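Good morning, everyone. Please look at the screen while I walk through one chain. I will stop at a few places.

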Amino acid sequence: MKINSVIFRIYKIIYQDLEKTLVRIKDIATKAGVSVGTVDRVLHNRGRVSPEAKTKVKAALKELNYRPNFIARALGASKKYCIAVLVPDPNNDPYWTEPYNGITQAEHDFNSHGIIIDKYTFNQFDPVSFTQQAKLLLKKAYDGILLAPLFYQQYLLFAQDCVDRKIPLILFNTNIDNFSVLSYIGQDSYQSGRLAAHLLYYPLRAFSGKVIIMHLAEDPESAAQLMKKEKGFKDYFENDTDKPGFITLSVNTPVQKTLIAQLDSTFNVYHDISAIFVTTSKAYEIAAYLEAVGLSHILLIGFDMVEENVNYLEKGVIDFIINQNAYQQGYAGVARFVDHLILKKEVQPKMYLPLDVITKENFHYYLH
């Protein structure tokens, strides 16, 4: 069962249980010995009600411990809320298929409650594409915007426009702190780096060698979360006298020739490389290289359950995948707007999702 189905069923169960336990107007009228209309007028402070009837109704309210069903009232409201989603085109990178699917499922689940979603996709390798779609989006009036802010400078300009228009923003996948947003949904980058280090710790202690920390990013300016992963990874070994040496490489994807050239050069200089930590979803790029040059024995760890990563995990070229729950990121982004716009609930500024460790022994259980 997909996590979104579980979440939505929990929502429904909560609402159904509240319907069963909350006191109905009819119950209050019976208890007070007045008409339903009289109770309605007292509750909403409208129309004429005799002091005696009002006293009876208030006594019944107190005795029955009445509290209004704000959730049911909100979900039954006829008002529509329109949300814009600005997300990388899944056709350009398989990683974005999962959050896109999560958003689509949430749109289906919450449509009956007044949520309408317009999707805008951009080329994650082209900042101009992001700007064009952002400008197109702002031509319409939206109650909220959910986006993955991959391009740092372009996002800052867009976010300022949203602040000026008082449009709430929810970010997912990448967190940028320059503007006050409604919420961020995704991983704790620092802790994910420490988790990667922990997974490699015991194998690395068995032999000496260096570790390559590989950043494969579309926009180096937006790579703050990758730096947090690197810091978490290195900090894990801070007090270890036998800690490995670190080599950091950054490649602006999708320049395949540049990636191969950097790896060739690194392996020609260093002959004691024991492991590679890829801080993005593109560990499969490194796996393909290691397999081609006969270095599949090197420990390799990366992020996300994209199909190419799973294939190399199953073959044993990738040793660990840290799953950042991309599907949940998309789904939860929409669900948070439901909380904020419809249920009028306070939304926490950060929602860190679990970091699942995937191996070739358990990856089957994480496939939809």
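**A walk along the chain**

Start with Ala 217, which is buried, with a relative accessible area of 12%. Keep in mind that this is a predicted model. Where does Ala 217 sit? Its place is strand β6, residues 210-217. Now find Asn 252. In sequence, Ala 217 and Asn 252 are 35 residues apart. In space, their C-alpha atoms are 5.3 Å apart.

Next, the whole chain. It has 368 residues, and buried residues make up 51% of them. How many helices and strands are there? The secondary structure comes to 14 helices and 12 strands. Now the contacts. Take those between residues at least 6 apart in sequence. Of these, 70% join residues at least 24 apart.

On to helix pairs. Two packed helices are described by two things: the angle between their axes and the distance between the axes.

The pair to look at now is α2 and α3. Helix α2 covers residues 25-32, and helix α3 covers residues 36-44. They pack at an angle of about 110 degrees. Their axes are 8 Å apart. An angle from 65 to 115 degrees counts as roughly perpendicular, so α2 is roughly perpendicular to α3. Which residues make the contact? From α2 come Ile 25, Lys 26, Ile 28 and Ala 29. From α3 come Val 36, Val 39, Asp 40 and Leu 43. By class, this contact of α2 with α3 has six nonpolar residues, no polar ones and two charged ones.

Now go to α12 and α13. Helix α12 is residues 283-293, and helix α13 is residues 307-315. The packing angle is about 40 degrees, and the axes are 8 Å apart. The two helices are therefore oblique to each other. The crossing of α12 past α13 is left-handed. Who meets whom in α12 and α13? On the α12 side are Ala 283, Tyr 284, Ala 287, Ala 288 and Glu 291. On the α13 side are Glu 308, Asn 309, Tyr 312 and Lys 315. The residues of this contact of α12 with α13 divide into five nonpolar, one polar and three charged.

Let's turn to the backbone. Look at Lys 166. Its phi is near 60 degrees, a positive value in a residue other than glycine. Lys 166 is in the loop between α8, residues 152-164, and β4, residues 169-172. Is Lys 166 buried or exposed? Lys 166 is exposed, with a relative accessible area of 74%.

Then comes Asn 173. Phi of Asn 173 is near 75 degrees, again a positive value in a residue other than glycine. Asn 173 lies in the loop between β4 and β5, and β5 is residues 183-186. At 10% relative accessibility, Asn 173 counts as buried, because buried means under 20%.

Last topic: cysteines. A disulfide is a covalent bond between the sulfur atoms of two cysteines. How many disulfides does the structure hold? The count is zero. Take two cysteines, Cys 82 and Cys 162. Cys 82 is buried, with a relative accessible area of 17%. Cys 162 is buried too, and its relative accessible area is 0%.

That ends the walk. Thank you.

How values were computed:
Residues numbered from 1 in each chain as written. Predicted model: local features only at pLDDT ≥ 70, side-chain atom pairs only at ≥ 80, totals over all residues. Heavy atoms only, no water. Axes fitted to C-alpha atoms, helices over the stretch in contact; angles between N-to-C directions. Helix = DSSP H or I, 4+ residues; strand = E, 2+ residues; numbered from the N terminus. Parallel < 35°, antiparallel > 145°, perpendicular 65-115°, else oblique. Left-handed = near helix turned anticlockwise from the far one by under 90°. Contact = heavy atoms within 4.5 Å. Nonpolar A, V, L, I, M, F, W, Y, C, P; charged D, E, K, R; others polar. Disulfide = S-S within 2.5 Å. Buried < 20%, exposed > 50% of the residue type's maximum accessible area, 1.4 Å probe, protein only.
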